Amino acid sequence: MGKLAMAWSAVKLNLAMQMIYRLDFILNVFVMMLFNFTFPFLTLLIYSNSPGFPGWNASQILLFQGFAILVWGLEQMFLGNVSWELNRLIREGQLDRLLVNPSGPLFYLGATQLSLEMIPQVLLGVGIIIIAFFKLGLFPSLLAWLLLLLFLACGLLMMISLSIIQMAMVIRFVQIRRIGELTRIASLLGQYPANIYSKWLQAIVVGAVPFALIAFFPASVVLGKLENFPYTAVIAAALFGVLAWLSWRSSLGKYTSAGG
Amino acid sequence: MNQSKWFLLGELSIKRDLMYRADFLMSLIVTPAIIFINYFVWKAVFSTVDNVAGFTFAGMMGYVVYSQLISIFIFNNTSSQLQQKVQSGDLAQDLLKPLHPFYSLFAAAASSRIVAVGLEVLPLFVFAYFVFHPVTPYGFVAVFFVISLILAFVLNFLLSLIVGLVSFWTIKVEGFQWLTWILFRVFSGEFFPLNLLPQWAQAVSHFMPFEYLRYRIAIMPINPVSSAIWTVIGQIIWIVILAFVVAFLWKSVLKRFTIAGG
């Protein structure tokens, strides 16, 4: 059985399992959408109570948040449940079982723990982007579309890499259940225009840890506000990918069973 | 209930919590990160206006700081614990014990917050005090502020019990827990002050207990003492109402109790 066929079987099995508790599944979908709508909702509240962010209108900020919700949704769909499952396996001493899996533990966990309730969140992100496109009357050029895809792919790579690094840390140190929260909170920086931050924080967000790839650069390119190609951010995202791969391999190499 | 049993349960819970010191210490990074993001967002918004929904920039930052610290203070995972007990069937054993299951859950929640005050709330308040200079409550308002915090903890515990008791009907309750998690947070003002909401939504929130969990306490330092008194009165009324709801649900649960797991 090829890896893709195995992954497809795992997805079907996963869907069947989630459908056992249909009401819970539907509630999870609804809650995820509600939670992610909190930020666009806050934006609308800010603009209904004040002039908002200087130099940006409400639709432009919603475009930022649409891209952010899309990238978070994709990352959570692939790895959202993996982190929880990994924590459980380590605590119960069952990770050893996965280490002998021929497809590799990360691929196996990714395929079996695909978070289907995140699909509507991805659609919510796409919906907000489409509404913002219409409200702003945007018709990006072919180059802008290509750059948009590149930035979104790099943003997704960075978020997935950070999740893998976080999981690698969990394997090594076990009792750090809340490390993922930090990544999630830090990534919130990406959903607002980078120019609202102080100079040093801007340097981090657009360069060293480029959360700006999640929304700021994608929105800037379709709004025609991208001044220079963000080489540093794209290279940093690729480096995060390499770092994630190395730290995952290194953590698995040093893993010793904790439970049993 | 014997006082020593309370202390024993609390001590056990504190020992268990201290095993996850890193989790508590993570708050020392996560909470300032949330406050800093809010700082930049509101700083940009206030760069062109002096007042947003009745808040100055300093008032808004005070609100953000207090709402975050209150969140830590009132936290509990009672609904999850109750759900686990139902799913595993452990509740059957708990019912045979001379101690009511709610007492042990309350002791665990309260003692966990004692650790949280030491490891999270106080260090974070000192940090926020020097960095963001929030208005601190003083005099009678300070007294009502502390009373109100404790009542908010009790109120949140009762709300969690209600969510947890629903697991007797649904068995799997995560979706419902997440739904209440988000509703509690939005309508208690964790993400933004309720003054930002349209008038009709503010009117609706006045008829719900959630604003007594965070919003009304977080604005106490910048409001007159009469507002603090009404907050405490409102909290007591809601605690009485929710205690009746819990008692009613518990009675219904015991009537139809069948062990789900175990």
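Predicted model: local features only at pLDDT ≥ 70, side-chain atom pairs only at ≥ 80, totals over all residues.
Let me start with chain B, which has 262 residues, of which 52% count as buried. If we take the contacts in chain B with a separation of 6 or more, 79% of them come from residues 24 or more positions apart.

Next, the place where the two chains meet. The size of an interface is often given as the accessible area lost when the parts come together. Here chain A and chain B bury about 3400 Å² between them, and 77% of that area lies on carbon and sulfur atoms. On the side of chain A that touches chain B, two elements of chain A give two or more residues each, namely α2 (22–49) and α8 (179–187). Of these, α2(A) gives the most, with 13 residues. Altogether the contact takes 35 residues from chain A and 38 residues from chain B.

How many salt bridges are there between chain A and chain B? The count is zero, and for polar contacts the rule finds one residue pair across the interface, with both residues at pLDDT 80 or more.

While we are on helix α2 of chain A, please find Leu44(A), which has its place there. Leu44(A) counts as partly exposed because its relative accessibility is 40%, and that value falls between the limits of 20% for buried and 50% for exposed. Leu44(A) and Ala10(A) are 34 residues apart in sequence, and their C-alpha atoms are 40 Å apart in space.

Now to the nonpolar core. In soluble globular proteins, nonpolar side chains tend to be buried together. In this model the largest nonpolar core has 155 residues, and the members that touch the most others are Phe53(A), Leu63(A), Phe67(A), Trp42(B) and Leu165(B). If we leave out residues up to four places away in sequence, Trp42(B) touches Leu42(A) and Ile46(A) in chain A, together with Val52(B), Phe57(B), Met60(B), Val64(B) and Leu196(B) in chain B. There is also a second, separate core of eight residues, with Met32(A), Met77(A), Leu114(A) and Met118(A) among them.

Let me turn to the charged side chains, where the rule counts three salt bridges over all chains. I would like to begin with Glu190(B), which sits in the loop between α9 and α10 of chain B. Is Glu190(B) buried or exposed? Glu190(B) counts as buried, because its relative accessibility is 14%, and the limit for buried is under 20%. Beyond its neighbours within four places in sequence, Glu190(B) is in contact with Ser67(B), Gln68(B), Ser71(B), Arg185(B) and Arg214(B).

The two arginines in that list both form salt bridges with Glu190(B): the one with Arg185(B) has an N to O distance of 3.1 Å, and the one with Arg214(B) is also given as 3.1 Å, N to O. The pair of Arg214(B) and Glu190(B) links distant parts of the chain, 24 residues apart, with Arg214(B) in the loop between α10 (199–205) and α11 (215–218) of chain B. Arg214(B) is buried, with a relative accessible area of 4%, and Arg185(B) is buried as well. Taken together, Arg185(B), Glu190(B) and Arg214(B) are linked in a network of salt bridges. Another salt bridge joins Arg216(B) and Glu211(B), whose closest N and O atoms are 2.8 Å apart, and both of these residues are buried.

Finally, a word on the backbone. Most residues other than glycine have a negative phi, and most peptide bonds are trans. Which angle do we find at Ala53(B)? The phi of Ala53(B) is near 50 degrees, a positive value in a residue other than glycine. Ala53(B) lies in the loop between α2 (21–45) and α3 (57–74) of chain B, and Ala53(B) is partly exposed, with a relative accessible area of 22%. His133(B) also has a positive phi, of about 45 degrees, although His133(B) is not a glycine. You will find His133(B) in the loop between α6 (101–132) and α7 (139–165) of chain B, and His133(B) is exposed, with a relative accessible area of 56%.

Technical notes. Residues numbered from 1 in each chain as written. Chains lettered and ligands numbered in written order. Heavy atoms only, no water. Core = buried A, V, L, I, M, F, W, Y, C linked by side-chain atoms within 4.5 Å. Buried < 20%, exposed > 50% of the residue type's maximum accessible area, 1.4 Å probe, protein only. Contact = heavy atoms within 4.5 Å. Buried area = accessible area lost by both parts, 1.4 Å probe. Salt bridge = Lys/Arg side-chain N within 4 Å of Asp/Glu carboxyl O. Polar contact = N/O pair within 3.5 Å; in protein donor to acceptor, adjacent residues only side chain to side chain. Helix = DSSP H or I, 4+ residues; strand = E, 2+ residues; numbered from the N terminus.
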